[in-house]
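Thanks for coming, everyone. Let me put the structure up, and then I'll walk through two places in it.

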Amino acid sequence: MRSYRLKLSIKTVSILLLGFYFLKTYMLWTEPMRERVLRPEGDQFYLNGQPFRILSGSMHYFRVVPEYWRDRLLKLKAMGLNTVQTYVPWNLHEEIKGEFKFDGILDVAGFIKLAHSIGLYVIVRPGPFICGEWEFGGFPSWLLHDANMKLRSTYPPYLAAVDSWFKKLCKILVPLQFSYGGPIIAFQIENEYASYSDRLSSEYMVHLRNVRYSVVMVTVM
């Protein structure tokens, strides 16, 4: 009888927890989208429907060994900052075409989750060009195997490579967005593009902004 009661208790708790999960999910998705993302209004930002001031500092996870991440993030927060921003270097995560690395010092999800646990929001800057005083601006060298390659453009082979990279990265980052209960409040696509050339492509920027697959970036800065 005792064994039966224990099993019933565990089953009941499981049902309650499952019910709580679905209730939380329902409440999240019935809340207006505009309240669940970072949005500008007038001369300030709003987050979760409340005025929000971004006080951000940069920390690039791929430049700091994981053992020091917590220490550095705690120091960043101790400065009075509420947000950490980081680049994502394509050439480290896909050094060899089609082979992706997201472990060790490249565990971007782990870094973001750690920032969340410390109470920091996150702004992600995934490029594809990041600059960042980083080799080739974060582009993988194998892009240049194509003798006709045109970087930061609508050249189809370039966009195909970018789309493949973003598809892989988005599957990791989207669940960590603020709208899904995570700390990511914004993405910055490209970097310093306006100073890149006299022949800029608005179509290129629109393509990056609208990258959608089975996952969706709901906030793009």
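In helix H4, the buried residues are Val108, Ala109, Phe111, Ile112, Leu114, Ala115 and Ile118. Buried means under 20% relative accessible area, with a 1.4 Å probe and protein chains only. Helices here are DSSP runs of H or I, at least four residues, and strands are runs of E, at least two, numbered from the N terminus.

A word on the source. This is a predicted model, where local features need pLDDT of at least 70, side-chain atom pairs count only at pLDDT 80 or more, and totals for chains, interfaces and linings use all residues. Residues are numbered from 1 along each chain as its sequence is written, and side-chain values use heavy atoms, leaving out hydrogens and water.

Back to H4. What do its buried residues pack against? Helix H2, strands E5 and E6, helix H5 and strand E7. Contact means heavy atoms within 4.5 Å.

Take valine 108, in H4, residues 108–118. Its relative accessibility is 1%, so it counts as buried. Leaving aside residues up to four places away in sequence, valine 108 touches Tyr61, Phe102, Ile172 and Leu173. Just after the helix, glycine 119 has a positive phi of about 100 degrees.

Now the second place. Asparagine 191 sits in the loop between strand E7 (184–189) and helix H6 (202–209). Buried or exposed? Buried, at 6% relative accessible area. Its side chain makes polar contacts, meaning N or O pairs within 3.5 Å, one able to donate a hydrogen and the other to accept it, with adjacent residues counting only if both atoms are side-chain atoms. One partner is the tyrosine 87 side chain, at 3.5 Å. Another is the arginine 125 side chain, at 3.3 Å.

Technical notes:
Buried < 20%, exposed > 50% of the residue type's maximum accessible area, 1.4 Å probe, protein only.
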